[in-house]
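Please look over the sequence and the structure below before reading on. The briefing that follows is meant for someone meeting them for the first time.

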Amino acid sequence: MALQDVADKSLHDKLRRAERRKKIEAVSLIGPLLLLMVIFYFIPIGMMLYRSIDNSQMREILPETAKALAHWNGQGLPDESAYAAVVADMKVAYPARTLAGAGRRLNFDKVGFYSLLLKTGRKLKKIGGPPYKEKLIEIDSKWGDPKYWTVMKRGLKNITLIYLLRAVDLRYDDTNSIVGVPEEQAIYKSIIQRTVYISLSVTILCLLIGYPLAYFMATSSASVRNLLMIGLLLVFWTSLLVRTLSWILVLQDKGVVNSFLLSLGIISHPLPLVFNRIGVYVAMTHVLLPFMVLPLYSVMAGIPSYYVRAARSLGATPIAAFFKVYTPMTLPGIGAGCLMVFIQALGYYITPALVGGPKDQMVSYFVAFFVNERVNWSMASALGVVLLLMTGSFYLIFGKRVNITNMKLG
Amino acid sequence: MKNGLLKGCLWSLTALAACACIATVPSAHARDLTIVGWGGTTQAAHKVAYFDPFVKETGIKIVEDSWSGEMAKIRGMVETGDITWDVVQVEAPEMYQGCEEGLFEQLDWSKITDKKNLVDGAAADCGAGILIWSTVFSYDADVIKNGPKTWAEFWDVKKWPGKRGMRRGAKMTLEIALLADGVPRKDVYKVLATKKGVDRAFKKLDELKPYIVWWKAGAEPQQRLAAGDVVMSMAYNAWVTRINKEEKRNFAIIWDGNLYSMDFWTIVKGSPNVDKALKFIAFSMRPDRQAVFFNKIAYGWTAKGTGKYIDKNMLPLLPTAEGHLDNALLTNVEFWLDNGESLEQRFQAWVAK
Amino acid sequence: MALPAHATTGERIWYYTFRVLVAVVFIYLIFPILTIIPLSFNSGEFLHYPLQGVSLRWYHDVIASGQWAVAVKNSLIVGVCSMVLATVLGTTAAVGLNRVNFPGKQLLVAFLISPMMIPLVISALALYLFFAKIGLNDTYLGIILAHTILGMPFVLITVSATLQGFDYTLVNAGASLGAAPLPVFFRIVMPLILPGIVSGAMFAFATSLDEVVVVLFIAGPAHRTLPLQMFSGIREHLSPTILAVATMLIVFAGLLMLTLEFLRKRNEKLNAPANIAA
């Protein structure tokens, strides 16, 4: 009896020790990567995404105004102290050339602020002494409009939501309540839907085209397989830019496909195949196909053929054997492939930018547009946050379904 | 097999070590004068006309880089103080805006040249005008014999059926729409400053929208014209000329109602090479230097007196040639700085629907 | 996949249909690449058929400029280094993740593969601003680190997928027979997950070789990579030199892979008797 206890205890200890060793091993295996990622990716990205709500620079540019407006109740026009504060801040900010930055941020909330601030800044030299209220209103009547002061007060908080709101087509109105943007400016909701739709379509196309190809590669002789693999890798190693360009050459009005069809007399006018949705599907599927085929192939190559043969010999029809026995075994590959294709598709912009029309641009295009062309990083980050939430939630739902990472021991 | 694995392991370790070595080699941060242009043929011409002779004359070394106008990069440099570029070629709106926002150095014109030696608008606070470019429209004159002559006719899809190429962006497109709608040149920005005027421009664009193929890069219109994707297109004049010359094409340039604007040399704020940069800019404002450039590329010069050095075959193709500016509209930078954000946004929404 | 002698008519029809289908897919894959090769010999600069004439004009341009050679060198340095780093770090992490289960593991994985999900422009700007602070812009190290991070998720995913079907009794058997963890890994785990590692490494390399958005921001004039060189000037001009470079790369990669395939075959033949004897 006692002996049994001792044996139990030592077994228990051993198991625990083994468990602990496993944990240490795992941590030391994951650790280096995690460390690298935290320092060189999560911190920079976090800092970047924080820009979508960060508004602290406004208080640095207009500190006095912020203080003065803190007491203002938002009704009617603020009193002389606020006007004096504006003048005091501008006298510093205009020569320091920081005023334009503030103007741009306020202008995003309400059009007209950029020119209001800069115009006022330019005329500040001649403004003379207080009181300033009348003088500012004389420079620009907007200073006598309470709506601008409401925007100013809102714009001087340390955290702002205007960019995130705008990313889903919402904005503040003049009374500080959240409303939809006017219809002619509403754009992002439909773009988000479009992004998901295009990405899903491309993923499905890749699966439909890639599965047979991978299956064929996995089940044919070594030399055929290697030939196919070389073809696939050649495509894969050709620059994305070049591949996209080559689709334009194939699909354009004087392109290879249209010339061919015209010469056969099948069509009398060139078909519109590029700079529209068709072009986007064709080129994106092509670009992302290797990301479907290679994971599928690497899983399929590990499936011994005797499973299907066993099913057949037990009387299953070929179709049943394929779908009930073979396909389930390839699920990890399908999962990995779909995940890679879908998530990458969500973030694509160079390919659709080149082969799509304006109605085929996805969220990333607008992120790039705000980063590079408008240099409005807050808005770019806000759209980035939206895209990230989208991909993140898809990953969590989708990743679980196909059991891609829930790996069990033994 | 065992051996193979061990070898593989050793190889990857060696490679890791090699990488570590390469990676830790410190980069030379004491920089030569770094000049950044748009790349491609313009920059190649810059090199012949300015870069190489400058190095020869002054002994100051130049490093070339190219960019595509991502102002984000310059803002990043100024924000972080890690200035890796000195002289940068930018377009007018970016120059003015960057100047107001403190991204560029104020130029000390006493070290460059007398402002009177340059054409109007070339001597700005933060930028020295380096070339003038025109946006015109173009069609293949071998295909269309009796082509359209004005923007209004550009809209005439009955007489000249087929697709039209236009630059994807509110700027210039809206002005052109108003010109096509019969607004006189001098009133375009007055009209565009009102909500009614903007609606009018978009309404005019609505008419043509089903026929428009949008482009972004300057070389696209010629490619599309040649490929038959469009029958006529908005285009940059220098590109049409270049293609006509190099590919022996006969693409027409319609100067009527052309929109012109300027590119500038700017110096990134906080550049450690301001003096050398100013010397370079002064060098490139010399008519004899500009002549080399504008004999190669059909943009307009900014240094007065360059015209007399220009080849007589080339001269009529330049935006600054006699007559071309009389029918032209100068892109109003201030207007676009004030209204760009909202108009671009509306344009993006309109074009994406 | 050979057709068995006793196949029914239905099976025969399916067999051939399937082959035709795969052929069509393969043509779809390879066709656009093949169309650019003749165009790179076009004497004119318009990118459409028919050719205006045949010339080596664009190849001359490539070789004459010298910038392309530098770009190839830079791309190789960055590509190989980031591939090695991404593969080593990604594989070890995948193995580690496979060994334990804990709440929030999926979230951790989501974080680790987030470089795939975050739009490249956001990553590019974030890294650019961060690297500026620590002096990593305009250095090889900066580009290599960035590409390691961008390429690593592919390794993690492909290795995880192959590990999923992995039978851990093998490792336990190895351990119970007294083998230390490292040899167990290299002799038992590694050969089984090698296909995953290799395809992951390839993805990582290709990612680096193709990536342009991040390098646009963080690379300086001395570190221009191939795609950056291709992009330079594209704002103004789509030059056929890009096609010439692409053609050379395709031919080079093709020759490389054919050589490897040839060596593999010869190796197989040479080793075959030895294997049987063993």
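The model is predicted, and the values given here are computed from it.

**Confidence in chain A**

- Chain A has an average pLDDT of 86, and 96% of the residues score at least 70.
- Among the elements of this chain, helix α9 (residues 162-167) of chain A has the highest mean pLDDT, at 94, whereas α15(A) has the lowest, at 82.

**The contact between chain C and chain A**

- Chain C contributes 77 residues to the contact and chain A contributes 85 residues.
- On the side of chain C that touches chain A, the largest share, 15 residues, is supplied by helix α1 (residues 9-39) of chain C.
- Sorted by class, that side of chain C consists of 56 nonpolar, 17 polar and four charged residues.

**Nonpolar cores**

- The largest nonpolar core contains 283 residues, and A:L383 and C:L125 are those with the most contacts inside it.
- Leaving aside residues up to four places away in sequence, C:L125 touches A:M48, A:V371 and A:W377 from chain A, B:A72 from chain B, and C:F217 from chain C.
- Another core, of 30 residues, lies apart from the largest one, and its members include A:A68, A:L69, A:V86 and A:Y94.

**A pair of helices in chain A**

- Helix α15 (residues 306-313) of chain A and helix α16 (residues 318-329) of chain A have axes that come within 9 Å and cross at roughly 145 degrees, and the crossing is right-handed.
- On the α15(A) side the contact is made by A:Y307, A:V308, A:A311 and A:R312, while on the α16(A) side it is made by A:P318, A:A321, A:V325, A:Y326 and A:M329.
- The residues of this contact comprise eight nonpolar, no polar and one charged.

**The surroundings of C:D210**

- C:D210 belongs to helix α9 (residues 181-210) of chain C, and it counts as buried because 22 other C-beta atoms lie within 10 Å, where 20 or more are required.
- Not counting residues up to four places away in sequence, C:D210 touches A:S239 and A:L240 of chain A as well as C:P227 of chain C.
- C:D210 and C:L226 are separated by 16 residues in sequence, and their C-alpha atoms are 8.1 Å apart in space.

Methods:
Residues numbered from 1 in each chain as written. Chains lettered and ligands numbered in written order. Predicted model: local features only at pLDDT ≥ 70, side-chain atom pairs only at ≥ 80, totals over all residues. Helix = DSSP H or I, 4+ residues; strand = E, 2+ residues; numbered from the N terminus. Buried ≥ 20, exposed ≤ 12 C-beta atoms within 10 Å, placed from the backbone. Contact = placed C-beta atoms within 7 Å. Axes fitted to C-alpha atoms, helices over the stretch in contact; angles between N-to-C directions. Left-handed = near helix turned anticlockwise from the far one by under 90°. Nonpolar A, V, L, I, M, F, W, Y, C, P; charged D, E, K, R; others polar. Core = buried A, V, L, I, M, F, W, Y, C linked by C-beta atoms within 7 Å. pLDDT = per-residue confidence, 0-100.
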